[in-house]
Amino acid sequence: MLSKDLQSGKVGEEIEILRSRLAETEEKLAEAHDLISAIRSGEVDALVVSGPQGEQVFTLRGAEYAYRALIEAMNEGAATITLDGIILYCNQHLADLMGQPLEQIIGRQFVDLIDAASVDTVKALSNRALNGVPAKAEIELRSGGRLIPVQLSLNEMRIDGPIALCMVVTDLTQTKKWEQMVSAGKLASSILESSAEAIAVCDETGKIVGSNAALKRLCRCNPQFEQFDRIFTLVIKDVDPSTRFSIFSALRGVIRAQEVFLRRDDGTEFTLLLSSGQIAGEAGLAGCVLTLTDITRRKQVEQALVRTEKLAAVGRLAASVAHEINNPLESVTNLLFLASGAEQMEDVRNHLAAADRELRRVAEITSQTLRFHKQSTSPKEIFGRELIEDVVAMHQGRILNAKITIEQRHRATHPIRCFEGEIRQVLSNLITNAIDSMRGRGGRLFIRTSEVHGSSHGSGVFFTVADEGTGMSRETVEKAFEAFFTTKGYNGTGLGLWVCREIIERHRGKIQLRSKQGSRKSGTIVRLFLPFAAALR
Ligand SMILES: Nc1ncnc2c1ncn2[C@@H]1O[C@H](COP(=O)(O)OP(=O)(O)OP(=O)(O)O)[C@@H](O)[C@H]1O
Ligand SMILES: [Mg+2]
């Protein structure tokens, strides 16, 4: 019982001691608050701060009330820091900037409140300021979880006795934003201005709200705030000449490289490539941006090239006609010579009849060639089988004379859209070569068609022309497609396969050749592929 009383008496004493300490602490805290308020309101003239070097007195005699009030009222952060880097005074603005209560800032090391990457800069600034040189730099303050860009300006502060530093902190967040916006805006406008392409920025009603020098040159006026469709009368190529381009199609969706014509009031005509993209605003579509590239000159060059190509094609046609009619004409010359020397009327008649047949062939070839030429102007849908049968019929005489048997197999069931005359010319050249290779020895000529859908080549028809002729050496295979390469001397021009490849490539197809020469088996296989839509225009 006694010991219990003793114990409870001791606890009671301890509680008393703790209570009095708490009261002391509360009193000190209240004093600290009062002191800060007194400093801020100008009621205190001096401070005693305990630090590692013992107690230091900071008199605030020079800081009159009016100045302190000014510092509190100003829109910049302001603080005074000791040489040890302790924040001695800080205005409310700086505390707000750092996102912390004032009392938690005062007495803290300033470097604890900035980004680690800025610590060296602050130390260097402090050294400069302490050497009497006012120092400024951009650093980053820590504020909650964020970093805030600020400009820090430090000046030496010489009061009675110890030296402190006076600091002004300017928030650069907004300035940075503006700087970025200004520089981005400047960049965008300089790109717009220096672009060789004419660029128009239109709002959602189709009004031009931005334009560059190239656009002004194109329309020869200031198009700013004008309706795009009023300034530019653009006609869409490949559509009815009366179909006008409207800015609303650009506002509805992206346009990529659409060819349009512009006819200005002064009569000048331009071919332009028009592209556009939509501009998204916060509340949906804000407008569109259009680029107009002048391709008038490029178009002129292209047309000149097409003309040259046409001339070259005419030249090739002339060469192939000469080539095709050369053999029968030679025969006619020989037959006439024989007829003139024949003594029997019967022989003369026979020779003349043969010459007549050859001349008919010449006529047939020329009309055939003209057909090729005429039909080349527009593509047509035709079955591979039809093409082959036409060509075989044309060469029937030579096939029989050379003791060649033809084996045909047609598996293609869909037509090809092509320039039929040109494809006939290709097949005719291939069959002629096959006949030539089997002349004097006979053999079989295999002609096949088949079709593929969605292969690596695409979808279309394969033609195979294979013979059991002499075959080709490796050198001949390598050179077979070269113009004027022939192993037939005066009987060949060497243009056949060269023209074939050119025609097939124009039809977006492929031609391949395989050949074998050997004592037991020889022959050549030519395979050509034509897509179903080989010719588009
Ligand atoms: N089926 C084939 N068999 C053997 N050799 C061939 C065959 N096809 C082409 N060649 C060889 O390729 C060469 C070139 O053929 P190409 O058709 O281009 O010209 P050419 O037939 O000689 O002359 P042209 O076609 O002008 O009458 C031929 O001279 C021949 O040597
Ligand atoms: Mg040939």
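Residues are numbered from 1 along each chain as its sequence is written, and chains are lettered from A and ligands numbered from 1 in the order in which they are written. Because the model is predicted, local features need pLDDT of at least 70 and side-chain atom pairs count only at pLDDT 80 or more, whereas totals for chains, interfaces and linings use all residues.

Of its 537 residues, 25% count as buried. A residue is buried if 20 or more other C-beta atoms, placed from the backbone, lie within 10 Å of its own, exposed if 12 or fewer do, and partly exposed in between. Among contacts between residues at least 6 apart in sequence, 53% join residues at least 24 apart, a contact being a pair of residues whose C-beta atoms, placed from the backbone, lie within 7 Å.

Helix α5 comprises the twelve residues 119-130; at 1.5 Å a residue it should span 16 Å, and its end C-alpha atoms are 17 Å apart, which agrees. The expected span is 1.5 Å times one less than the number of residues. In α5, V122, L125, S126 and A129 are buried. They cover an arc of only 100° around the axis, which puts them on the same side of α5; the arc is that of the directions from the helix axis to the C-beta atoms. On the other side of α5, D120, K123, A124 and N127 are exposed. The buried residues of α5 pack against β5 (135-143), β6 (146-158) and β7 (163-171). Just after the helix, G132 has a positive phi of about 90°.

Strands β12 (residues 269-281) and β13 (residues 284-294) pair in the antiparallel sense over ten bridges, and L272 stands opposite D294 in β13.

The largest nonpolar core has 39 residues, of which L427, L430 and C500 touch the most other members. Such a core is a set of buried Ala, Val, Leu, Ile, Met, Phe, Trp, Tyr and Cys residues joined through C-beta atoms within 7 Å. Elements giving two or more residues to this core include α12 (384-394), α14 (420-438) and α16 (496-506), and α14 gives the most, with seven residues. Leaving aside its neighbours within four places in sequence, C500 is in contact with V426, N429, L430 and I511. A second, separate core of 26 residues includes I139, L141, L152 and V169.

Helix α14 is mostly covered, with 16 of its 19 residues buried. Just after α14, G440 takes a positive phi of about 85°.

Methods: Helix = DSSP H or I, 4+ residues; strand = E, 2+ residues; numbered from the N terminus. Contact = placed C-beta atoms within 7 Å. Pairing = 2+ DSSP bridges.
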